[in-house]
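Biologist: I am new to this structure. Please show me how to read its features, one at a time.

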Amino acid sequence: MGAAFDTIAFKASLCDGCGDCMTTCSKVKQGASRISIVPGAAEAVFELAICRQCGDPKCAMVCPSGALTKDGGSGVIGWNSDKCIDCLLCTAGCAYGGIAVDQSVSRVAKCDQCDGDPECVKACPTGALEFRKAGSIYKEYGEREDLFVPGLSGCLGCNSELIMRHAMRKIGRNSVLATPPGCIPGMGSVGYNGKTGTKVPVFHPLLTNTASMLAGIRRYYDKIGRKDIVVMALAGDGGTADCGFHAVSGAAERGEKILYVCVDNEGYMNTGMQRSGTTPYGSWTSTTPVGEHMKGKTQDAKNLPMIMAAHKCRYVATASTGYMEDLYEKLDKAIEASFEGFSYLHIYSPCPTGWRIPSSKVIDACRLSVETNFVTLWEYTPQTGIRFTRSPDNALPITAYVKMIGKYRHLSQDQLDHIQTKVDEQVALLRIMAAESPPPPPAHRQPAAPAASPAPAIGGDASQPPVRREISRN
Amino acid sequence: MPEAKYLLVGSSHAALEALRSIRHFDPDGSMAMITRDQQLPYSPTILPYVVSGRSKPEAVLLRDEAFFEANACTFAPNAVATGLDAKTRSVTLASGESWRYERLLIATGAAPAIPPVKGIETVRFHVLRSLDDAQGLRTAMGGARHAVVLGAGLVGLHAAENMAEAGLSVTVVEMQNHVLPGYFDAKASERIESAFIGHGVKLLLGCKVVAVEPRDGGHSCAVHLEDGKVLQADLLLVATGVKPVTDWLAGSGVDLDRGVLVDETMRTTAPDVWAAGDVAQATDFHTGKRALIGIIPTAVDQGRIAGQGMAGDTYQKAYPGGIPVNTYRFFGRVALSIGQAAASDGVEVSEREDGGYRRLVMSDNRLIGYASIDEPFDVGIMGELIRRKVDLSPVMDAFIARPVETGRRLMSEQWR
């Protein structure tokens, strides 16, 4: 029970029906393609038939020869060609067209996920097909010890819990954790009734002194020869970018051996959603309200991870829970680097309550923030400089992301243009800084005939005075 | 007296699926599977391939002992049920032993129906329902030259093909005017028939056997036909259909018709007794009446529902009704049918005969049946279109022109 498996996911909006997946599959498997893209209900809309590797595989249940079995490790439903008698009953069991007759050999053929490295996904030029490895991540981490209390009082849909539990499962018991004021202690890390909410030593520093206290702890452990302890913070963006910044900057400058994880939800969310230095331009917060005159925050966010890179930390990276594989790789590197020097991991964490996102859409928001370059995924070391871990090429317009977030609902076209300009500027700067680094994985191209949906003007009222003027004050 | 909370009588698809769905909900309740077979579970559908030699008898078993151990289920082979007492909740076996149960599944399947032909009890004949039958037929094939097969259903045709490929001269006698009646219309059946004729099999369709008698000291027999012709056979296979194994239920309080009558949750009329698979007479999707549809997909569906009911799983869903399915291979070719594929009255039919043969049967812009020869389609997808009564009017032209592609599209839209 509790099995989770990697899966080939299909994002229909990115498919332009080029058929490269089928050509590749057919070539690799030397027969009929196991994946079938068919025309959909409208022009330039496509649908998919492929084995879903069901948890409850009816193809296998109706097989009279025991030729189809679900692999408990990979989740793939394997086909045993020796046992198969070619009766085709499996095709009657499958409601997805996932197992079908390959007429060239007159036997059934089905997707086997190419032993965990599906060729169709690699061939897909638009990113419509994706091999999602959340299953194996879940399985790996599900087996590790959970170091937080079972019940946490986070808001519905909050992904800070995901970050906390998974990060701590990876880091393990040999750690000392600081959780300065913010959502994370508010959710229960500091515990109740005199007991902590974690199975590791945890403390609750001031907003202003987190990094300084950790520096002292680290030095003490060094002094007594315990070099195996991860000394770390799970802090919010306010405690990192604003009131705690001097301590963070000082510790980074001194090269203190700390793992500092900043969970950036773009504001002081647990105290009532006030703006912070990382709140993006245009955002509604309780201190940047939307009314007749004010239209949300009038200043741009500071880019804290770039500031940390300028400290020449041992390791700096940005991550998103929409890209867990990437996050985990960086977490590994960040833990390693924290034994050598200051290690900084900045995790973008959309806040369903403070940003007004439906709780079911938080991970969607994570992914779209990256797909639009609103957030970029990169890492830095003093040796390699900045390197994108996901290509910023072929990004979607920022409207695709902004329109799903309630705190941007009021934005005028002018404000949207401003955000797009700033996003483009930032990516351009990062590209210059990353120019000498190893190239990122290739980006997917835009679909050839994208579903015609011109960016809807959010609150696009021409009579509204341009808000940009206020920016010039900065 | 051995006892089990869940007693499963039978060991093929329905019983195995019931086991799975019981264990899904109740990992601990004591369970036993008793079967008249000597072997671990296997499917009757595999038997023609054992006859042909393609499948080795030891390689067709669907589960091993470790499976029963892992599922905490006692597996008792060679256990022929001879009586059920629903009041005392006990099943009597031919060995004299009795099993007590709290909840019982009747999944005894079906056995060959032997036609009342004069002299049938005096001759040696084969049937094909068990692994022993299959091995017996395979051995007999080796020493025979002239085979006569009674019945041109799936079992008869599979066996006829096997024997023809093994070099025997084979004659198939069928009362109906076409092979595989019910599954295919006349045009489709004719394609199958011509393949058999092309491979040297004699098909005597619309032909009735009136008597058989032993010849040559019992080593062969004479088959007398209604028109006076006489066929000589040193191998006689009776494949005139099957009937549910219900004789052991007489007087038990379980209502019987042609099979065990069950409601939409696979309950019989006796308390805490369920039935599933070939033995059960459950709702027919098309007519809404109770009918026998002895195929694996319905056995699996029924077994799951019965198991859920036995375990008290509240997520049990009512049986939507069985839809006939036939996936048939003959001489390497493909014949498929689902639903009312042979219907012609009061329905719209679209046929295509260039190259392969395809027949779509619609009613009220909804698919109710689909058959094809040499032109495979996604049987499961078409089954869902039938079961869900998907209105095809917005896509009718595309569906008729390109049913496979359009079917995949419709299902993708349904689940995406």
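**Chains and cysteines**

Modeller: Start with contact, meaning heavy atoms within 4.5 Å: 38 residues of chain B touch 38 residues of chain A in this way. This is a predicted model, where local features need pLDDT of at least 70 and side-chain atom pairs count only at pLDDT 80 or more, while totals for chains, interfaces and linings use all residues. Residues are numbered from 1 along each chain as its sequence is written, chains are lettered from A in the order in which they are written, and side-chain values use heavy atoms, without hydrogens and water.

Biologist: How much area do chain B and chain A bury between them?

Modeller: The size of an interface is often given as the accessible area lost when the parts come together. Buried area is that loss, taken with a 1.4 Å probe and summed over both parts. Here the value is about 3200 Å², with 59% on carbon and sulfur atoms. On the chain B side, B:Arg329, B:Arg408 and B:Trp415 lose the most area to chain A, together 19% of what that side buries.

Biologist: How many salt bridges are there between chain B and chain A?

Modeller: A salt bridge puts a side-chain nitrogen of Lys or Arg within 4 Å of a carboxyl oxygen of Asp or Glu. The count between these chains is three. B:Arg54 forms a salt bridge with A:Asp86, their closest N and O atoms lying 2.6 Å apart.

Biologist: How many disulfides does the structure hold?

Modeller: A disulfide is a covalent bond between the sulfur atoms of two cysteines. The rule asks for two cysteine sulfur atoms within 2.5 Å, and over all chains there are zero. For A:Cys120, the nearest cysteine sulfur, that of A:Cys111, is 6.1 Å away.

Definitions and conventions: Buried area is the accessible area (1.4 Å probe) that two parts lose on being put together, summed over both.
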